[in-house]
Amino acid sequence: MGIQKDSVRFNVSGRIFETTATTIANAGRNSLFGAMFDDNWDLQPNATGTTEHFIDRNSDCFAVLLDLLRIGELHVPPNIPEKLLYREALFYGLLDHVRSAKWGPFDGNKLHLSQSITGRAPGDGTAIRAGPDGGCCVAHGSMVHVYDWMLEEHPPITLDYQRVNDVIWADSKSIVISACERLGRGEGGMGLFSASTGELRYKFHVTHENQVKSYTAGALSFSSDYKLFSSCKGRSNEYGIGVWDQVTGKQIDFFYEPPGWSLGDADRLQWLHGTNCLLVATLFPRKDNCYVSLLDFRDKSMVWSWSDIGAPITDERRVRDAIAMEDTNSICVVNEYEDLGFMDLRFAAGSVRWSSRSRLMKGKMPDEPCYPKLALHEGQLFSSMNDSISVFCGPDWVLTSRLRNSYGGSICDFSIGGDRLFSLHSEENVFDIWETQPPPPIM
Amino acid sequence: MSGAKKRNFQIEAFKHRVVVDPKYAEKTWKILEHAIHEIYNHNASGLSFEELYRNAYNMVLHKFGEKLYSGLVSTMTSHLEEIAKSIEAAQGSMFLEELNQKWTEHNKALQMIRDILMYMDRTFIPSTHKTPVHELGLNLWRDNIIHYNKIQTRLKDTLLELVQHERTGDVINRGLMRNTTKMLMDLGPKVYEENFEKPFLEVSVDFYRVESQQYIEHCDCADYLKKAEKRLNEEIERVSHYLDVKSEAKITSVVEKEMIECHMQRLVHMENSGLISMIVDEKFVDLGRMYSLFLRVPNGLTIIKDVMTSHIRETGKDLVTDPERLKDPVNFVQELLDKRDRLDKIIHLAFNNDKTFQNALNSSFEYFINLNPRSPEFISLFVDDKLRNGLKKDKEEDIETLLDKVMMLFRYLQEKDVFEKYYKQHLAKRLLSQKTASDDAERSLIVKLKTECGYQFTSKLEGMFTDIKTSHDTMQGFNAAVGAEIADGPALSVQVLTTGSWPTQSSSTCNLPPEILGVCDKFRAFYLGTHTGRRLTWQTNMGTAVLSAKFGNAQKELSVSTYQMCILMLFNNVNCLSYKEIEQATEIPSSDLKRCLQSLACVKGKNVLRKEPMSKDIADDDAFFFNDKFTTKLYRVKIGTVVAQKESEPEKQETRQRVEEDRKPQIEAAIVRIMKSRRVLDHNNIVAEVTKQLQSRFLPNPVVIKKRIESLIEREFLERDKTDRKLYRYLA
């Protein structure tokens, strides 16, 4: 940078700031400061003869951002609205600095509640999904509300105002939602939307014998090689799992549901990178029985399956969610009382090995319970139950942390992504954002 | 004070933000457009960055992003059109310089424009899916300058012309070339490929096709390879100086194909300078160059390897079948070793120790060594020679390396058992006549054979060593026990050999003189007394003796064989004996007797006997006299036996037969082993398995195997299957 002496003076709307070129260099070339002090720009001493740089911006925010450059930490005084700070950071090209100073790499045991957002949508939430760079989207009935990492709301998404069954981020800029078909109109199905503008970019079709069919799309999943999977229910019993190419948008495969099994109603799909298989789980109470299976699309085979058909029905043994854990070759399931159970994927006909955790919840169920949900993130297992989320770690899945925010009632869904955890409450229309604090610059 | 004035204007606009001045966008854009002009005209020092940045920011904020962007595109395009004209106008060599100059300026301007429009680049462009400013600037340069038809072909031609100049030896401005190609690369790999790389490769193909044709007509192989290598290095250097790294593989493959692959057959087979002459003349550097060049093209090394193999096979075949060479086995083997050393050196120095070449060398040797059935015998003779005399001039380590090399030849042999037969004979002779030069060397060779062929192969050889050692101890015991009694008689040294460990020789005993017989009986009594249940047989054909004799007044010592001793002892009492008389008295087999007499009477300087008539050959009616006129300077006279070092034809036949005889039980054992585990097997499979099991020792003849199977059927080890006659069954 072409500064002769190390000290730099700024006049920000009348307030004088003096700092060093080293501090300013922390902003990087790709910022206003980086460009301003580049050799190309021959900085002229102004009328008073001093090298003082006038900037016509909010000086309080400038002070916060200058401190961020100085010490690498973000301290926002309560009198500055966060949104204003973001605007100013965007002007200077320092938004990335703010973003990484706000929260650090995700760790389930070091989460703190950062914010709770109240939405304006009516009715119960269906699903919440964390985006790759810190944003999220929330499905309510037929609407999906999209928030960026600054938790600013973008235009909502809807597919013909049909009930949304599942929603998934294709990348940081686009979202796929699956919706019920609209009887007699051939609408519904699945669509790809821009996350920032909410416009429909592409609609996925299901074809059988070269005829486009109307269908209801359920659970969604992506594979590592850009394939999109969805459970599908067609009008004339074309039940199964559809596969689309994410790049071309064309349907490339369809796995028909075998008799006596359930695929088209699946609650959860999960792609397993290590084995190139898709986990499909249909769970109580969508069906009377639970069906969990692994599908290999290369030879259209069901390589692993488990069901509780024929098992004695007690509510304690009802599987409410299932998730595959490739590192340990097992599937984790959870029942209504948040008991965890495990099945070994290496044996074809496994049975659930329930862990003997105490049933703390038993006997004090809230009035309006939500079914437990599971999530896995970098070796940590998360399970939601009523108004709290439990974190399990280690080879024996020991309970290590519990996240609870009593406002809003039971948690109906939660999601981890972009180094954040989002949990959606069912009683009030509110969702929480949990973050890990960034590591202090000096350790 | 223009700065203050502008600020006023800005602040005013800011106040009216709610009701945007209809001319606001137009005014702001004019300011920015002016700045872009100034930047392109190198007049940027008067511009205020902060103000321009703020203006661009405000335009985007007030939804005039589209206007800003399209304004940028049209302003930049018009500047680039101007630039295109000035580049086009540049004369001759100034063209490239002008192009580079403008490119540098454009890059700088682009950077500054991007700085001003940074906010648009970050917010407006991603949300509207437009091309970012920097990329836009490159694309506009590509479309308006590089793809401008009056520049495009001129640029391509200029670049290719410069390369051509450099290839023909001129010095060009490499810096300019590098900047230009780098510009094309910056505009995207596709631009580089289409505007330079593709035509460059096409021109190169033509250039090298013509050049290689000229070279091949006028140069010999070594020269041609030197030139090809030089060209290849030049191209690699060219890439490193001013082309994209990815072009290296492409241009080298052009040179490889045109200069090497297209001509490789002709090069290898070139008369008087091709591969074979290089090998013969040991041109390591040329060979190495050929190797490294041919390595680059598919099948290149295969051609070298094939030609080398057939060369080794031919010359090797000539070597082993040359009747002249068969006369001297030691030299024969030495030639083989030298040949192998030479080729090894070539592979080591020129062919990078390539495994496939070593394999080719080994298989060729294996091929031609076995063309001569006497190779095993000769190798054993060579070892014999070295172990007898070797240490005189060679040091210990040299013997080791020599033995290692011999083992190499041994590995090539198919009939390893024949070698074993001969080796046993030669070793026996060395041990009994105490001619071994070094015990360590002997043992080390045994160890090598053992690691090569296993315990079974050397157990008997080791037994021979043990026998010699125990004999030594036995003699010490014997002398301690009865030494006093026989002190007056002749001194006796006995080596007790285990039957079976040693090469069996037809034990043709002779009548020992009574003096000796007495001592021998004493030893027999001693030995059988200490070892019960054994039998001693005298191998008189293998012993030696030292005699004291008086010729006139001269006292001499004669070192002779046992047979010769028996003959000479007869002359203690008489002066003249006829052949018949000697034969009767000694009962030595006539062939041996004749040989002994020959060496006693016919060798000049060692003729202790005189023969009537004087002739070379011994007839039945010859008479022999004690030659008291025998004189010699030496005190001790060693009288050798006339023995052919090399085996004579009948002996050879005999050894052969013995080998064949020994093979029979081995083949049978192999058949039984195989059948025991397989129970039922057809003929062809048995033959295959037997061959596989025995090939470390020899290659069994299928006819012999068939005979052995028949013999085993006769002896009811096997039977033929009743339904399928081709199948054999094992009978437990």
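Hi everyone, let me start with chain B: of its 732 residues, 45% are buried. Please keep in mind throughout that this is a predicted model.

Staying with chain B for the overall picture, its secondary structure consists of 31 helices and nine strands. If you take the contacts between residues at least 6 apart in sequence, 70% of them in chain B join residues at least 24 apart. The accessible surface of this chain is about 37500 Å², and 51% of that belongs to carbon and sulfur atoms.

Now chain A. Here we have five helices and 33 strands. The chain has 443 residues, and 53% of them count as buried. For contacts with a separation of 6 or more, residues 24 or more positions apart account for 49% in chain A. Chain A exposes about 19800 Å², with carbon and sulfur atoms supplying 49%.

Let's zoom in on a helix pair in chain B. How do α26 and α28 of chain B cross? Helix α26 covers residues 562–570 and helix α28 covers residues 590–601; their axes come within 10 Å and cross at roughly 70°. An angle from 65 to 115 degrees counts as roughly perpendicular, so α26(B) is roughly perpendicular to α28(B). And what sits in that contact? By class, there are seven nonpolar, two polar and one charged residues where α26(B) meets α28(B). On the α26(B) side you will find B:Tyr563, B:Gln564, B:Ile567 and B:Leu568. Their partners in α28(B) are B:Asp592, B:Leu593, B:Cys596, B:Leu597, B:Ser599 and B:Leu600.

You can find B:Leu361 in helix α19 of chain B, which runs over residues 355–369. Is B:Leu361 buried or exposed? Its relative accessible area is 1%, and buried means under 20%, so B:Leu361 is buried. Leaving aside residues up to four places away in sequence, B:Leu361 touches B:Ile312, B:Arg340, B:Leu343, B:Asp344 and B:Ile347. Take B:Arg340 from that list: B:Arg340 and B:Leu361 are 21 residues apart in sequence, and their C-alpha atoms are 8.3 Å apart in space.

Now for some backbone angles. As a reminder, most residues other than glycine have a negative phi. With that in mind, have a look at B:Asn353, which is not a glycine and has a positive phi of about 55°. B:Asn353 lies in the loop between α18 (329–349) and α19 of chain B. Its relative accessibility is 33%, which falls between the 20% and 50% limits, so B:Asn353 counts as partly exposed.

Where is A:Trp397 placed? In the loop between β29 (388–393) and β30 (398–404) of chain A. With a relative accessibility of 13%, A:Trp397 is under the 20% limit and therefore counts as buried.

Last topic, cysteines. How many disulfides are there over all chains? The count is zero. A:Cys393 is at 15% relative accessibility and counts as buried. B:Cys576, at 35% relative accessibility, counts as partly exposed.

How values were computed. Residues numbered from 1 in each chain as written. Chains lettered and ligands numbered in written order. Predicted model: local features only at pLDDT ≥ 70, side-chain atom pairs only at ≥ 80, totals over all residues. Heavy atoms only, no water. Helix = DSSP H or I, 4+ residues; strand = E, 2+ residues; numbered from the N terminus. Buried < 20%, exposed > 50% of the residue type's maximum accessible area, 1.4 Å probe, protein only. Contact = heavy atoms within 4.5 Å. Areas by Shrake-Rupley, 256 points an atom, 1.4 Å probe, with all protein chains shown as cover. Axes fitted to C-alpha atoms, helices over the stretch in contact; angles between N-to-C directions. Parallel < 35°, antiparallel > 145°, perpendicular 65-115°, else oblique. Nonpolar A, V, L, I, M, F, W, Y, C, P; charged D, E, K, R; others polar. Disulfide = S-S within 2.5 Å.
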